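Welcome! Let's take a first look at this structure together, one question at a time.

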Amino acid sequence: MRFGVAGAGFSGAVIARELADAGHEVTVLESRDHVAGNCHTERDPQTQVLLHRYGPHIFHTGNERVWSYINRFGVLVPYYHRVRTTVGGRVYLLPVNLLTINQLFQTALNPDQARAFIAEQADSSIEVPRNFEEQALKLMGRRLYEAFFLGYTRKQWGLEPTEIPASVLRRLPLRFTYEDSYFSHPHQGMPRDGYTAIVSAILDHPLIEVRLSTPYAAADRDAFDHSIWTGPLDDWFEHRYGRLGYRTLDFEEIRATGDFLGCAVMNYGDLDVPYTRITEHKYLAPWEEHTDTVCIRETSRLAGEGDIPYYPIRLAADQRTLRRYLDAARSASGVTFAGRLGTYRYLDMDVTIAEALATADRILAGIDSGGRIPSLCVDVDGA
């Protein structure tokens, strides 16, 4: 079969490679002038710092298949991500751990004492949290919540925390140790040569043709036996039910001699600071040495037409619209929807690769059985 793939990010690239390895011809159409999507990395011509052009991406996973897969196509150097936050003129560690608690409350609590102390701070009157704020108050109490989550959340989402689902905060538990690595997965690393080199290697196959700066147009759908769509779900249906909501990011470069932050990422939780974080990119590759530095400051806002969509909002109105699009997707023929945009979910890179492999497996199984190729190959309900 001849497949057309919309998008050369991890989802499109992995599916394309699996189909090509199975003997199928694949054409990948990418609207940008580079592969790797929002994971795109490139060398800054002035400093040679490896820049994550669309924000920092750290690879972490507990999925052995995914870890083996990505290591086929590049060298991942061990890297343990650490984040700091500036609040009220002071710097603290994130995620909230024992040092963060002791810093904020000016105490010297041990783990057991800290657990008991935070239990006293927590709002035990909240039995079932209805939103982000109630989840935070039940988990940690008002002072920790207002210091580290209230302002940052308002800026990141452009919403009051009472409008955001409680499930968003459940992914960020408190730590009662001094461990400050941001992630806890057994496999953590950073590609030595960047993500773009890895995605390019995935796409390097005699049966794969990549066309850059080429959007996947409606007319392209008839040019292939089957389409793989990793673009925005509502785009495929030409927004017949309205537009799904996204947040986007604006980036501003900061250049300096020497160091600027002294760490990879600094968050800014105060509401009177408009941006959410600054990334000093040379610290994302600590095995390299650079005299000068490049930082990128991020500001979040609601995505408009023509903006790059980063984070699905998924509030009540979006959920209602999403259900209509998912029903349409399930009944669609000649197309399979995949990836973060194609299923309207926030996905880490390892989950993106895992789902792409699973999607390719199901497509190939459908071909082998002579049955219908499924349009949705992963469970997207309630995610």
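This is a predicted model: local features need pLDDT of at least 70, side-chain atom pairs count only at pLDDT 80 or more; totals for chains, interfaces and linings use all residues.

Q: What makes Cys39 count as buried or exposed?
A: Cys39 has a relative accessibility of 10%. The cut-off for buried is under 20%, so Cys39 counts as buried.

Q: How many disulfides are there, and by which rule?
A: A disulfide needs a pair of cysteine sulfur atoms within 2.5 Å. By this rule the count is zero.

Q: Why is Gly304 called partly exposed?
A: Gly304 comes out at 36% relative accessibility. Partly exposed lies between the buried limit of under 20% and the exposed limit of over 50%, so Gly304 counts as partly exposed.

Q: Where does Gly304 lie?
A: Gly304 is found in the loop between S15 and S16. Its C-alpha atom is separated by 8.9 Å from that of Gly245, 59 residues apart along the chain.

Q: How do you know that S14 and S15 pair?
A: Pairing takes at least two bridges. Strand S14 (residues 277-280) and strand S15 (residues 292-302) share four bridges, in the antiparallel sense, so by that cut-off they pair. Within this pair, Thr279 stands opposite Ile296 in S15.

Q: What makes S8 and S16 edge strands of the sheet?
A: Seven strands form an open sheet with mixed pairing, in the order S8-S7-S13-S14-S15-S12-S16. Strand S8 (90-94) and strand S16 (311-312) each have a single partner strand, so one side of each is left without a neighbour in the sheet.

Technical notes. Residues are numbered from 1 along each chain as its sequence is written. Side-chain values use heavy atoms; hydrogens and water are left out. Helices (H or I, at least four residues) and strands (E, at least two) are DSSP runs, numbered from the N terminus. Buried means under 20% relative accessible area, exposed over 50%, partly exposed in between (1.4 Å probe, protein chains only).
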